[in-house]
Amino acid sequence: TEGERGECNLLAPLRTLTTSVCLPIDCPPSGERNEAIAASVDGRHPLSSLYCRKRRTSETEQAGLILPNGTPVDTSSLASSSSLLNRLQLDDDLDGETRDLFVTVEDPKKHVSTMETYITYRVCTKTTRTEFDLPEYSVRRRYQDFDWLRNKLEESQPTHLIPPLPEKFVMKGVVDRFSEEFVETRRKALDKFLKRVADHPVLSFNEHFNAFLSAKDLNKRQGLALLTKMGESVKYVTGGYKLRARPAEFAAMGDYLDLFTQKMGTIDRIAQRIIKEQSEFLMELREYGPVYSSWSSFEEDLHDPLEGVSGCMSNCSSALEELTEDMSEDFLPVLREYVLYIESMKNVLKKRDQVQAEYETKLEAVVFREDKKPPVPSDVEKCQDRVECFNADLKADWDRWENNKRQDFRQLLTGMADKNIQHYEKCLAAWESLVPLLQDKQEAEGETS
Amino acid sequence: MADSGSEDIAVIGNTDLTPSESENNVKNAMVEKGTSLLKKMEISVAEAEKRTGKNAVNMQETYTVYLIETRPVDAASEGTNPVPDSLWRRYSEFELLRNYLLVTYPFLVVPPLPEKRAEFVWHKLSADNMDPDFVERRRVGLENFLLRVASHPDLSSDKIFYSFLTEENGWKETVFETGFQAKADSRLKALNATFRVKNPDKRFAEMKHYGDELQSVISQLLRVRARAADRLYGVYKVHGNYGRVFSEWSAIEKEMGDGLQSAGHHMDAYAASVDDILEEEEHYADQLKEYLFYADALRAVCRKHELTQYELEMAAQDLTSKKQQREELATGTIRTFSLKGVTSKLFGQETPEQREAKLKMLETQIEEGEELVKERNAECEEFVKSAWVDIERFKEQKDHDLREALISYAIMQISMCKKGIQVWNNAKECFSKM
């Protein structure tokens, strides 16, 4: 709330929402709020943030409340023991969140038809949530379907940061879309995408997500019908909106994302360059080793040592090849994913600006009206709500993103270090096993001479 | 130093042997198997200096001179450590010495000099003869040459070699006085001519073939190694860019900043480490180069043997034909086609007096010819005997030295891997603290 109060003094006279959580238990809803809650319950309403975002029965509602920043609410005094027992409790969550929805992407398969060739993946779901009819699902989905899901999530949850998908387009001829490596890289990224959605306290209850996981046939036209039904949708003011003052924290987010994107780009270029240099070194190494072998062919005493050296170099070549492959397959895609993520995050920031701009415009219109003491029009109030809910959602998701980013990069860079260590360890082992062989012979020579 | 041969296997199972220790093993082996000279005298090429002066065509030139230091072994072991005797020599004088040895001992595998011009260089190394690194490596190579000669059972007792080490002035004149130049020129001419030996000695033919193959394979090895060194340099240096970007990135992060910044420093260290690695590898390349040039020396011995044998065959052939001529003259029959035969048919035969005179001349020639054949035969036998002893010695030396070189190369690789593991472990620790 720091930024908002300070800069936007237009807002000051109006009552404001706090961005900390108002649990339904603590803040009994006013008439208007009821409407908002009701509308938000099925996850379609944009104001689907602070309050009951999930369609639940009362018991799970109480048992599973989670704050915007992801920490669980202590509801031990409220929940019934039976509901607690019903929930599947599993640890292993870094936030301390207990999960009740598990999703994996596995088993890629190629489909060949007369029209096209494509890959499908099996999406397995295990859950105890009552939003799902069954506790387990197994469906086949292709990239298109994931793309559809992401678009739906972006449309229906515009105040949230939607995790990125792996790149859609690949250059034909440059990348083999059906190679094992490419498919595996994609599978991992799709798996990560679904897991992030499943872990999100709001997104995971989205009905499109539910459909994606459970429907036998994904009727992608579903979305259109819902769109037209949507009551209050955030109208996007296209072009020419003026923002009085962007709250400092969101301005900082934008600046940070710009700089961060730059750094990601640089790191991507460096990583690619290293892979290139390593590949060229590998080429030379592949020529170098065999020369020792051909030398050994016309030597007697030196035959074994020279063969040994040749063998060592061959091992080092294999180790280096593995390193460059790993970096290409595991390191670069994650970097690229983050760049895509940031693109979509910047869009969300823009939308937030637009919502704020809309509110400010409406507010201005009201404030400068001729009438004295006008009642605050409900739609201005609604706009303000929108702004504040958006800000709250975004802030919560931003914190979540920062946390994930830290973990992701810690893992990514540690992984890079590990791969390099493993490469050197393989080479070390090869050379170390050669030296005593060379020295033994020497010993024997020394004794006989 | 006069005790057992344990020095050359002093490092059993020790993989922490440094390349310089390994080279010491080679040097110790030289002293061990060496003879009187190296046991009496310590030899080193201690320094290099630039000089300018006027050359043969009175033009100003810059050249490098090398300081040769000698010191009696006993004095050093007594601990008195007297000032060594020293003199300056330039590369061309080393060349003169070697040419003299080549001509005087054609049946020996004469140790080679370090290369005249830098070859098989990768981009960071300079091909300039004046470059300090090149000069330094040449200094080491020249010292190695002197030690090799001084440890050779035959070459070490050569007087010219001794005065090369001890008499600064007038040495050149002494060398030319031996008249080796004339021999060198005629040999060179003969060797450059194409000749075919009727009964080639199988052993020498095989040895020459081995020399060819060795030369070819080492050239190839050095070429590819230089290319690989270039690439490796690139790999390491690009990691330095990580250092910079991590530093920049850390500036916009809160909790991740420290970890990134320190990791960046390790990436810089990694990039910098390649310079030392490749410098050590140059050392290995020099060891290979020595044997590249040794292969040439080996081939030279085989070639000279061929020449010796050819000359013997020529003498024998000449003798046979003279004998035949005598027989023809004596019996009056002409078996072979000759101008004599034709002219005698056309113009009639010679007078008995003429024939008598010719016969007498032939007899003398035959006598001389038989002497020559005997001489050349003895020469050839002597050559084969001495050459083969030296070739055996060379084989053993080569096997020992190259094995040492391979061990030190393996140890270098081990050291490089260990350093790499350490740096990445350090970086990993920083990353894990992000």
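Select chains A and B together and display the charged side chains at their interface: 11 salt bridges are counted between chain A and chain B, a salt bridge being a side-chain nitrogen of Lys or Arg within 4 Å of a carboxyl oxygen of Asp or Glu. The model is a predicted one, in which local features need pLDDT of at least 70 and side-chain atom pairs count only at pLDDT 80 or more, whereas totals for chains, interfaces and linings use all residues. Residues are numbered from 1 along each chain as its sequence is written, chains are lettered from A in the order in which they are written, and side-chain values use heavy atoms, with hydrogens and water left out.

**The interface between the chains**

Begin with Glu277(A) and Arg231(B), which form a salt bridge with their closest N and O atoms 3.9 Å apart. Next, select Lys428(B) and Asp418(A); the closest N and O atoms of this salt bridge are 2.7 Å apart. Lys428(B) belongs to helix α13 (residues 352-432) of chain B and Asp418(A) to helix α11 of chain A, so the pair joins two chains. Helices here are DSSP runs (H or I, at least four residues), as are strands (E, at least two), and they are numbered from the N terminus. Lys428(B) has a relative accessible area of 24% and is partly exposed; Asp418(A), at 25%, is also partly exposed. On this scale, buried means under 20% relative accessible area, exposed means over 50%, and partly exposed lies in between (1.4 Å probe, protein chains only).

Now widen the selection to every residue in the contact, which takes 56 residues from chain A and 63 residues from chain B; contact means heavy atoms within 4.5 Å. The size of an interface is often given as the accessible area lost when the parts come together. Between chain A and chain B the buried area is about 6,000 Å², and carbon and sulfur atoms give 72% of it. This area is the accessible area (1.4 Å probe) that two parts lose on being put together, summed over both.

Across the interface of chain A and chain B there are 18 residue pairs in polar contact, with both residues at pLDDT 80 or more. A polar contact is a pair of N or O atoms within 3.5 Å; within protein, one must be able to donate a hydrogen and the other to accept it, and residues adjacent in sequence count only if both atoms are side-chain atoms. On the side of chain A that touches chain B, the elements giving two or more residues are α9 (248-296), α10 (303-367) and α11 of chain A. Of these, α11(A) gives the most, with 25 residues.

**Salt bridges within the chains**

Stay on helix α11 (residues 378-448) of chain A, where Asp399(A) and Lys395(A) lie 4 residues apart, about one turn of the helix. Their side chains meet in a salt bridge (3.5 Å, N to O). Asp399(A) is partly exposed at 36% relative accessibility, and Lys395(A) is partly exposed at 32%.

In chain A, select also Glu106(A), Asp107(A), Lys109(A), Arg122(A) and Arg140(A), which are linked in a network of salt bridges.

Move to chain B and select Glu306(B) and Lys208(B), whose side chains meet in a salt bridge (3.9 Å, N to O). Glu306(B) lies in helix α11 (residues 274-331) of chain B and Lys208(B) in helix α9 (residues 202-250) of chain B, so the pair ties together parts that are 98 residues apart in sequence. Over all chains, the count of salt bridges comes to 64.

**The sheet of chain B**

Select the strands of the open sheet in chain B: 3 strands in the order β1-β2-β3, with antiparallel pairing. Two strands pair if DSSP finds at least two bridges between them. At the edges stand β1 (41-54) and β3 (85-90) of chain B, each with a single partner strand, so one side of each is left without a neighbour in the sheet. Strand β2 (residues 60-72) of chain B pairs with β3(B) in the antiparallel sense over 6 bridges. For one bridge, select Val65(B), whose partner in β3(B) is Arg90(B).

**The composition of chain A**

Buried residues make up 49% of the 449 residues in chain A.
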